[in-house]
Each structure stands twice: as structure tokens, then as C-alpha cells.
Amino acid sequence: MKDITKKYSNGEVTIVWKPSMCIHSTICWRGEAALPEVFKPREKPWIVPEGAPTEKIITQVQRCPSGALSYFMNEDK
Ligand code: SF4
């Protein structure tokens, strides 16, 4: 799984996921501060960017403790 980078876009924001960095803290999908509408570890693909507004996605990505999740705005690319 080393150095794999996956990208998931809702057209406005792109979520970038690096599986080798994920420490499986579950913060993104479990608990009160999670965003289970977007982060669905039992599904494939496990990130569904259409599941929540862009602002919520950004807030959630910023909570990832490992750096496995990051994002960029599509207009910046
Ligand atoms: S919050 Fe980050 S480290 Fe935790 S499970 Fe999600 S992607 Fe992995």
C-alpha cells in the first residue's frame, strides 16, 4: 500500500487519501465529530464526497490526526 494516493472529488473539493499514512483512528467515520455520510469504511469506494457539503468535508479532513486525509479546492488546480 506504500505511496498510493487516492482522490475523491465532488466537483468543488477533492479529498486526497494516502492509505499508508492512515492510523485507523476512526475519527473520520465514527463518533460525534465524524462524517459518516462521506467516510464509509465498509463500502467501496469508502469515501463518498457527494455525501456532505464542501465546508463539512474540509472541517472533517482537518481533524484527521495522521495526515492521511488532505484536500484541495478544484478551482486552485
Ligand atoms: S481520520 Fe485519518 S487516520 Fe483516522 S481513519 Fe480517517 S483517514 Fe485514517
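In which sense do β1 and β2 pair, and over how many bridges? The two strands pair in the antiparallel sense, over four bridges, where pairing requires that DSSP finds at least two bridges between two strands. This is a predicted model, in which local features need pLDDT of at least 70 and side-chain atom pairs count only at pLDDT 80 or more, while totals for chains, interfaces and linings use all residues. Residues are numbered from 1 along each chain as its sequence is written, and side-chain values use heavy atoms, with hydrogens and water left out.

**The sheet and its helix**

- Three strands form an open sheet in the order β1-β2-β3, with antiparallel pairing; helices (H or I, at least four residues) and strands (E, at least two) are DSSP runs, numbered from the N terminus.
- Because β1 (6-9) and β3 (69-73) stand at the edges with a single partner strand each, one side of each is left without a neighbour in the sheet.
- Neighbouring strands of this sheet are turned by 25 degrees against each other on average, direction ignored.
- Within the pairing of β1 with β2, Lys 7 has Val 16 in β2 as its bridge partner, and the hairpin that β1 and β2 form has three residues between the strands, with Gly 11 in the turn showing a positive phi of about 100 degrees.
- Strand β2 (residues 13-17) is joined to β3 by five bridges, and these strands run antiparallel; Ile 15 stands opposite Tyr 71 in β3.
- Helix α1 (residues 54-63) packs on the sheet and touches β2 and β3, its direction making about 145 degrees with that of β3; contact means heavy atoms within 4.5 Å, and axes are lines fitted to C-alpha atoms, for helices over the stretch in contact, with angles running from 0 to 180 degrees between N-to-C directions.

**The loop between β2 and α1**

- Most residues other than glycine have a negative phi, and most peptide bonds are trans.
- His 24, found in this loop, has a positive phi of about 55 degrees although it is not a glycine.
- Pro 45 is also found in the loop between β2 and α1, and the peptide bond from Lys 44 to Pro 45 is cis, with omega near -5 degrees.
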